[in-house]
Amino acid sequence: MNDVSLVQPAAGPALKASGAFFVETVTWVQHWTPSLFSFRTTRDPALRFSSGQFVMVGLQKEDGKPLVRAYSIASPSWHEELEFYSIKVPDGPLTSRLQNIKVGDQVLIGRKPTGTLVLDGLKPGKRLYMLGTGTGLAPWLSLARDPEVYDRFETVVVTHTVREVQDLNYAELFEKDLKEDEILSELIGDKLKYYPTVTREEFRTKGRITDLIESGQLFRDLGLPPFDPAEDRVMLCGGPSVLVDLKQQLLDRGYVEGSLAQPGDFVLEKAFVET
């Protein structure tokens with residue numbers, strides 16, 4: 001299942017912007033699998049964000065109140081549209097409805113982007129690893145298309161761990177499109193390395209990212225040295241359990257967690273719950 005929605009008229013009464021939310025129009029919807037989809041919306045010129053941040057996104061309930069959750073912005077900060085990457089939770093209060101949006105529909109976009117997955121939370125380094133599972137790939141979709149990332153780091157590694165091969169959405173972006181992009185390809189050169197892994201099916205790289213780090217296979221496959229807090233910076237985004245394990249692996253190797261107030265060796269995003 002891999003279909004893009006066609007232009008259709010907006011459904012329901014028009015939403016109204018508020019002090020907390022912009023009202024934006026859906027411009028593109030891509031259903032990757034029965035459980036994963038992406039969508040883009042218009043972007044109010046007043047919305048400013050750093051690549052890697054998230055905003056509240058959602059719909060209006062029948063009582064007029066907003067029904068929202070945190071979504072990483074998958075488009076880079078310079079892009080004229082906003083892109084988001086979402087799972088579909090059958091009984092989820094929001095995604096059970098959001099997965100049915102069509103081009104022309106309206107959604108609520110929070111006015112205050114925030115989040116810890118920003119370059120300014122990290123000390124200078126030689127290599128940047130962005131480790132993501134599932135829809136935790138979203139902030140890397142933004143950062144991997146941000147020229148500043150390639151100004152700051154010699155090597156940029158994006159990992160994406162999923163259960164099944166069909167869930168490796170955006171593989172073509174990393175393996176082909178960015179290398180052919182008129183503007184970005186020159187900046188990226190051979191700096192970007194994409195490392196997809198699958199846990200429940202046979203694949204060229206099979207296994208949990210934590211196991212591939214522990215065994216050293218990740219580094220052997222990439223031709224890079226093991227994690228070194230003197231040179232390697234790491235960003236983490238994904239399910240709560242894998243974040244706990246990844247964070248511990250880094251702490252065991254002498255890494256210090258960073259923030260905007262106190263930049264460090266790694267940062268992680270704790271804001272997400274699937275609804």
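**The largest pocket and its setting**

Tutor: Of the protein's 275 residues, 52% are buried, meaning under 20% relative accessible area with a 1.4 Å probe and protein chains only. The model is predicted: local features need pLDDT of at least 70, side-chain atom pairs count only at pLDDT 80 or more, and totals for chains, interfaces and linings use all residues. Numbering runs from 1 along each chain as its sequence is written, and side-chain values use heavy atoms, without hydrogens and water.

Now the pocket. It holds about 890 Å³ of space. A pocket here is an open set of points on a 1 Å grid over the protein atoms alone, where a 1.4 Å probe fits, with protein on both sides within 12 Å along at least five of seven lines. The volume is the space filled by probe spheres set on the points, which are joined across faces, edges and corners.

The lining has 36 residues; closest to the centre are Thr133, Gly134, Thr135, Arg163 and Gly239. Lining residues have an atom within 4 Å of a point. By type, 14 are nonpolar, 14 polar and 8 charged. Asp, Glu, Lys and Arg count as charged; Ala, Val, Leu, Ile, Met, Phe, Trp, Tyr, Cys and Pro as nonpolar; the others, Gly among them, as polar.

Strand 5 (66-72), strand 6 (81-87), helix 2 (138-143), strand 9 (155-162), helix 6 (209-215) and helix 8 (240-252) each supply at least two lining residues. Strand 5 gives the most, with 4. The protein has 8 helices and 12 strands. These are DSSP runs numbered from the N terminus: helices are H or I, at least four residues, and strands are E, at least two.

Key:
Buried means under 20% relative accessible area, exposed over 50%, partly exposed in between (1.4 Å probe, protein chains only).
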